[in-house]
Amino acid sequence: MSNFLAKIFEPYDGPKLGAPKLLVLGLQHTFTMFGATILVPILTGLSISVALFMAGIGTLVFHLITRGKMPIFLGSSFAFIMPVIAVAFSAGDGGDLGLGHEYALGGIVVSGIVYLAFAVLVYFLGAKTILKFFPPVVTGPIIIIIGMMLAPVAIDMSSANWGLAIVSLLVVAFVSIFLKGFIKMLPVICGLVVGYLVALITGNVDFAAVSDASIFGLPDFTLAKFDFAAIMIIAPVAIATTVEHIGDVAAISATCERDFIKSPGLHRTLLGDGIASAVSAMFGGPANTTYSENTGVLALTRVFNPAVMRIAACFAILLGFMPVLSSVIATIPGAVIGGVSVVLFGMIAAVGARTLVENKVDFKDSRNLLIAAVVLTLGLGGAVLPIEIGSVSFSLQGVGLAAIVGILLNVVLVIIPEAISKKK
């Protein structure tokens, strides 16, 4: 068995740690990813148990495909929250769907296939060539849109009890800014715990569902179903998350001082992320993505052994077999989650703005100004582009529409003119 694993996972050449220390470090990474990973199913109505289980499975799949070289954990992706809500419940003005979660899951499965397409392109064309189509002037506004589209969800949840929401928000801010050490990496969990305790004291928690939950049991898996309209709403989001993935791989490479874009290769990391997301959604879980929270722990501890992440994945899988945990989590008042979400969703938008600033995007250049303006307006303005091809009809909207238009504008206004000028 050890020889088989040795062939799949390349041996770690860094400092060796004993099993007890590896277990504790793995548990730390599990706690780090826990708050954000469960928040996605809470907001979208997917199963918490399945989300935890598939986060663990997805991480192991990723490590298998990347030959165990990278210390990465895959958790639930925030980028798909609004598209999933739109397909499962209602897409909003002019685009009501309400098809149910099964069809939203089908859209996520296809988004995983989009990752595979990018992996093939990177393999044959090279990472540098592909990245030309995703400059900061396109990716920054797209990330801003993802955060701002989620803002109404956070406000709606918070409005149920602004007192609880403000308590949770302040705790998240306090932990992030003033505390040190490992606890600083857990602002989401701290905000949820303190907000929950206040809700308990003030009588705002209903335990009716917990009494019927068993301690151990199988996750409530749901098989994905497919609808073309749902796919066209959800799958294009993979364009934005692919860019996020590339950024995360670069960040982890810098943290670990190893070029993971070269080895195991960006094509392998994209392949691993895409397959993990597709497998997760096929059985009822959210899309998976590389977790910056866990990258922060790497920077803090300086322990880069990928085995630690695989141990964390095993803990996540075990948590998926505890229905009582899901029931207890479900008792958290929506306002508490809303207060935490105000910070989280705003931070996503802030990351987009930081992308523009750190890459020194020149908005005195009218081309950059035009691209960013169109992307933001289409993404935040609720634009819906109906498309009919023969008997097939669907619509592009939200992040997907903005991303596609942004890429096309960049090609027409930047890439093609630069190519023509070079030939001259």
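Helix H11 (residues 237-256) packs against helix H18 (residues 398-423) at an angle of about 70°, and their axes lie 7 Å apart. That makes H11 roughly perpendicular to H18 (the label covers 65 to 115 degrees). Keep in mind that this is a predicted model: local features need pLDDT of at least 70, side-chain atom pairs count only at pLDDT 80 or more, and totals for chains, interfaces and linings use all residues. Residues are numbered from 1 along each chain as its sequence is written, and side-chain values use heavy atoms, with hydrogens and water left out.

**The H11–H18 contact**
- H11 brings Val237, Ile239 and Ala240, while H18 brings Val399, Ala403, Ile404 and Ile407; contact here means heavy atoms within 4.5 Å.
- Sorted by type, the residues of this contact come out as seven nonpolar, no polar and no charged.

**Overall fold**
- The protein has 18 helices and four strands, taken as DSSP runs (helices H or I, at least four residues; strands E, at least two).
- Among contacts between residues at least 6 apart in sequence, 81% join residues at least 24 apart.

**Size and surface**
- The C-alpha trace spans about 70 × 55 × 45 Å along its principal axes.
- Buried residues make up 51% of the 424, where buried means under 20% relative accessible area with a 1.4 Å probe, protein chains only.
- The protein exposes about 18,900 Å², with carbon and sulfur atoms supplying 69% of it (Shrake-Rupley method, 1.4 Å probe).

Note on methods
Axes are lines fitted to C-alpha atoms, for helices over the stretch in contact, and angles run from 0 to 180 degrees between N-to-C directions. Angles under 35 degrees count as roughly parallel, over 145 as roughly antiparallel, 65 to 115 as roughly perpendicular and the rest as oblique. Ala, Val, Leu, Ile, Met, Phe, Trp, Tyr, Cys and Pro count as nonpolar, Asp, Glu, Lys and Arg as charged, and the others, Gly among them, as polar. Buried means under 20% relative accessible area, exposed over 50%, partly exposed in between (1.4 Å probe, protein chains only).
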